[in-house]
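Morning, everyone. Please have the model open on your screens while I talk.

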Amino acid sequence: MVRIAHISDSHLGASMFQLVERREDARKCLEKAMDMCLRHSPDVIVHTGDLFDSPFANVEDQTFVNDLLKRVSKKAPIILIKGNHDIPFGWRYSQSPIRLLESNDLVISTGDSDTRIFKMEFDGEVVEFHLISWTNARSMNRLLNKMAPKTDTAVLLAHHLTVSKDRLPIHYNYTGIGHAHNFWLDEEYDIGRPGSTCVVDWRREMSGSSKLIVVDICKTGNEYTTESLNDVREFKYWPGFDITGMGPAEVNNKMKQWIGRLSPKKKSKPIVIINVNGVVDSETERGIDRNKIIKYGESQIDPLFLHIESNWKVIGTAAVELSEPLNVEKSVKEYVEQMQTEYEDELLTMLQDIVGG
Ligand SMILES: [Mn+2]
C-alpha cells in the first residue's frame, strides 16, 4: 500500500480586498494543510500547483515556504506541480520560484520542462509518477497520449486537465489535479481535486469546499480519506438579502437589522460579505447610506472587513399623477400622456375594447 496526501492551490501572496492580513492567512493555511498531511503519515505529499499567487513571489513568502518545506520534507518527500500562477508569462519561460525550491532539494517538480516521469520505491513497492506542470492544451494532449507507465502502479499529477475524465488514459491508479478551487473526488475514475488551501476568490469558492485527499493505493483498489480544509480566517457569507420594492429608509434599517443578527463564532476578526439582491428605483439607491451601514456593522461584529456586494438592479422612476385613480379610463389616458409611451395607440385601442367606448 502506498499513501499519498494531496493538497493544492495555496496562492501565497494573494490578498483579498487588498487586506495584508490575508497574506499571513495564506501562509498559515498552507502550514495547516501540510501539518494535516503529516498527521496521516503519508509516503509522499503532493501539491498540484499554484503554490504562489504570483511567480514574482515576495521574499517573505519565499522564506516561509523554504522553512516550511525544509521541515515537512524531512518527514515525507514532496511532489510539487507548477501551476499557471507559478510560471511567468505562461509556459514559454521556465523561471519560477518553484525552480529554486527544486534545486534546494525541497521538492520534486518538472525542472525547466513542463513534464517529468520518475519512479519512487516505498517498502519494495515501485510507483511511477507522471507529472505535468501548467502547459497549453495541445502540448498537454500530446503528453497524455504518449505517456505510458512501465510499472504496475502509476500516478498522474497535473495542475489541470484538458480532457474530460472519460478520455483520460486508463493506466493511472490515481490522477491528482488542482486549478479549480473546489473539492472534487471521483472514486469511480480515481480522480481527485482537493480545492484551495485558503479562500482566494470568494465569488468562485464560497459555494464549494476544500479537502485534504488521502489516497491509499492498494492492490485491490484505492481507499480514500478526506478531511475538511477550512481557511484559518472565519468567513461569513450572506447571499440572500433582497431589497426589492423598499424605499431608502427601509433599506437602511433592514440592512442594519440583518447585520445585527450576524454573530461570528470564533474570536478572530471575520471577513463578512453581504450580498444584496433585488430591484429598487434609482431614488432608493441614492438614499442607501453605505458608510453608515458599514460603520454600524463594524461596531457590531468587529470584522476584519465588511463588504456589501451590491447586486441589486436599478430601475428609473417617473412620477405619474392620476387625478381620479378609480376612474380606469381616465387613469390609463393620463398614464399614457405622462409616460409618452410608444404603445400609446395600442393602449388607447385596448382601452376602447375594455370599457366599450
Ligand atoms: Mn489556482
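Start with β7 and β9. Strand β7, residues 174-176, is joined to strand β9, residues 191-193, by 2 bridges. The two strands run parallel. In that pairing, T175 faces I191 of β9. Keep in mind that this is a predicted model.

Now zoom out to the sheet around that pair. Six strands make up an open sheet, ordered β4-β5-β6-β7-β9-β8. Its pairing is mixed. Which strands stand at the edges? They are β4, residues 115-122, and β8, residues 184-186. Each has a single partner strand, so one side of each lacks a neighbour in the sheet. From one strand to the next, the twist averages 20 degrees.

On to the other sheet. Here 5 strands form an open sheet, and the order reads β3-β2-β1-β10-β11. Again the pairing is mixed. The edges belong to β3, residues 78-80, and β11, residues 221-228. Both have a single partner strand, so each is left with one side that has no neighbour in the sheet. The strand-to-strand twist in this sheet averages 20 degrees.

How many bridges pair β10 with β11? There are 8, and the sense is antiparallel. Strand β10 covers residues 211-218. The two strands form a hairpin, with 2 residues between them. For landmarks, take K211, which stands opposite S228 in β11. Further along, V215 sits opposite Y224 of β11.

H11 is in the loop between β1, residues 2-7, and α1, residues 21-39. D50 is in the loop between β2, residues 44-47, and α2, residues 59-73. So the pair H11 and D50 ties together parts that lie 39 residues apart in sequence. Buried or exposed, these two, H11 and D50? Both are buried.

Last topic: empty space. A probe the size of a water molecule, rolled over the atoms, shows where such space is left. The largest pocket holds about 420 Å³. Its lining has 20 residues. Nearest its centre lie V199, M206, N230, D231 and F235. By class, that lining splits into 5 nonpolar, 8 polar and 7 charged residues.

The volume of the largest cavity is about 40 Å³. What lines the largest cavity? A14, S15, M16, R22, A26, C198, V199 and V200 do. That lining divides into 6 nonpolar residues, 1 polar and 1 charged. Note V199: this residue is in the lining of the largest cavity, and V199 is also among the residues nearest the centre of the largest pocket.

That is my tour. Over to you.

Notes:
Residues numbered from 1 in each chain as written. Predicted model: local features only at pLDDT ≥ 70, side-chain atom pairs only at ≥ 80, totals over all residues. Heavy atoms only, no water. 1 Å grid on protein atoms, 1.4 Å probe; cavity = no way out; pocket = protein on both sides within 12 Å on 5 of 7 lines; lining within 4 Å. Points joined across faces, edges and corners; volume = space filled by probe spheres on them. Nonpolar A, V, L, I, M, F, W, Y, C, P; charged D, E, K, R; others polar. Helix = DSSP H or I, 4+ residues; strand = E, 2+ residues; numbered from the N terminus. Buried < 20%, exposed > 50% of the residue type's maximum accessible area, 1.4 Å probe, protein only. Pairing = 2+ DSSP bridges. Axes fitted to C-alpha atoms, helices over the stretch in contact; angles between N-to-C directions.
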